[in-house]
Amino acid sequence: MKQASSLELVAAGTLLQPGPIGRLVRFVIGLFCLYALFQIARYWEGTAAYPITTLGNRIPLLVAPLCIINYVVNIGFSRQWGSYPLITSLTILGLTAVVTYAVTGSFDHILLGTLLNVWLAYCYGHLGFCFILAVALATPGCEMRAIPDLLGRVRGQPAPEHRCPAAFITPIVHGNSYIQVISWDEKGELDPRAMLTYSQSPEPDSPYYQDLTQIYSQGGWISLPFTEAEIAADLKRSINLVE
């Protein structure tokens, strides 16, 4: 997963709220992050005193913050800092390691260990809280917008939303659009069906903003009028053009 280089917020109401499965996934991930935070606190004293000696046991714990710290900070705080959160974190930790080694002759120093623990605790704490809060609020889009979402509701000013940056759930930008199928039923009568996968309206407050998309996601189709009688029966509006 690449690190976020820009903040792309959209207007409130643009994105869909998660369904039951999405909220369940958020809840599970949130519990995992809070459990990681608990483990950091549980072994704080030992890992703070011996950060390098204990580093091998904590490599899995380091992977997520290294991969998503930019997302956590940029999206969570509505900032356009690109990769600077990661660069700044590594620079501070690296300089601290150099200084402690130069002074004590060892990387195992409580200053380096405490900084590393604080950094990990922030990452997992922010993630865990946002994921759980996003479950309660059904925050649309990225879970890191849960705190801005809450503050926006309290202030009566809906907060902008952000599409989830995870590669496997980003919005579809190519693929099926208009699909039409012509077949015959058991009686030999024409059965035309169609689907406009992205729906008709770009306006979030329109009833036609996501109606067809939801039908498409369930494998449904829209039956089309074909005969003169069917067209007349399905007529919504007619316009007479006069020369």
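Visitor: How many of the 243 residues of the chain count as buried?

Guide: Buried means under 20% relative accessible area, with a 1.4 Å probe and protein chains only. Here 35% of the 243 residues count as buried. This is a predicted model, where local features need pLDDT of at least 70, side-chain atom pairs count only at pLDDT 80 or more, and totals for chains, interfaces and linings use all residues. Residues are numbered from 1 along each chain as its sequence is written, and side-chain values use heavy atoms, leaving out hydrogens and water.

Visitor: What radius of gyration does the chain have?

Guide: The radius of gyration is taken over C-alpha atoms, and the globule rule is 2.2 Å times the number of residues to the power 0.38. A compact globule of 243 residues would be near 18 Å, but this chain has 26 Å. Along the principal axes, its C-alpha atoms fill a box of roughly 90 × 40 × 30 Å.

Visitor: How many helices and strands does the chain have?

Guide: Both are DSSP runs, numbered from the N terminus: helices are H or I with at least four residues, strands E with at least two. The chain has eight helices and five strands, in the order β-α-α-α-α-α-α-β-β-β-α-β-α.

Visitor: Where is Gln17, and which residues does Gln17 touch?

Guide: Gln17 sits in the loop between β1 (9-10) and α1 (20-42). Contact means heavy atoms within 4.5 Å. Not counting residues up to four places away in sequence, Gln17 touches Leu137, Ala138, Pro140 and Arg153.

Methods: Buried < 20%, exposed > 50% of the residue type's maximum accessible area, 1.4 Å probe, protein only.
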